[in-house]
Amino acid sequence: MKVINVLTMLCLLLSFVSAAQAQTTTDELVKEWERARAYTKEYLDTMPESGYGLKPTPDMRSFADQMLHLTDGNYGMGAAATGAKSPYGMGELEKSTTDKSKANVTKVVLAGYDFVIDGIKKMTPAQLAEPIKLFGRFDMTRGMALAKVFEHQTHHRGQTTVYLRLAGVKPPQEKLF
């Protein structure tokens, strides 16, 4: 009988630890997305207004378009990962935004981060493990889809480091923590 009680207590303890770790995972995701939002805002603030139309080569995106593309990913992949409905169609912001001023692009980009952050805050830890089919073809969990969209925004923000240098300004200090 004592063995059964000990095993029962052990199972309960492990389930509590597991639940606490899963909750921490959601909290940590929110914290990382808030850090990424702040870092991207530093990039948006650092680029002078005149640099928002800058293209390193004619066939590349402008700085504003890079940031709008990043935001399209946040909305599209973020919606798929969190289950929230995106207010925009895939690629819509980059293609249809006509006001590419510093003020408007900053507003749009930060709203895209807020969309993902708000979606994560509404998720339960169990939802992170739910399987989805991203873009109708890639099997993964909701948590992995969030990792992919995080990678996407990091990639495109990183590309804009070159744009800042070409505009003659120093990029923000790396913000890993």
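Which residues form one aromatic cluster? The answer is Trp33, Tyr113 and Phe150. The model is a predicted one, in which local features need pLDDT of at least 70 and side-chain atom pairs count only at pLDDT 80 or more, while totals for chains, interfaces and linings use all residues. Residues are numbered from 1 along each chain as its sequence is written, and side-chain values use heavy atoms, with hydrogens and water left out.

Seven aromatic pairs turn up in the structure, a pair being rings of Phe, Tyr or Trp (its six-membered ring) with centres within 6.5 Å; planes under 30 degrees apart count as stacked, over 60 as edge-to-face and the rest as tilted. One of them joins tryptophan 33 and phenylalanine 150: the ring centres sit 5.1 Å apart with the planes at 85°, so this pair is edge-to-face. It ties together distant parts of the chain, with tryptophan 33 in helix 1 and phenylalanine 150 in helix 6, 117 residues apart. Helices here are DSSP runs of H or I with at least four residues, strands are runs of E with at least two, and both are numbered from the N terminus. Tryptophan 33 has a relative accessibility of 1% and therefore counts as buried (buried means under 20% relative accessible area, exposed over 50%, partly exposed in between, with a 1.4 Å probe and protein chains only). Tyrosine 39 and tyrosine 43 also make an edge-to-face pair, because their ring centres are 5.3 Å apart and their planes stand at 85°.

Leucine 146, leaving out residues up to four places away in sequence, touches Leu29, Trp33, Ala81, Thr82, Val116, Ile120, Met123 and Leu128, where contact means heavy atoms within 4.5 Å.

Then there is threonine 97, in the loop between helix 3 (92-96) and helix 4. Its relative accessible area is 13%, so threonine 97 is buried. The threonine 97 side chain reaches the backbone oxygen of leucine 93 at 2.6 Å. Beyond its neighbours within four places in sequence, threonine 97 is in contact with Leu68, Glu92 and Asn104.

Terms used: A polar contact is a pair of N or O atoms within 3.5 Å; within protein, one must be able to donate a hydrogen and the other to accept it, and residues adjacent in sequence count only if both atoms are side-chain atoms.
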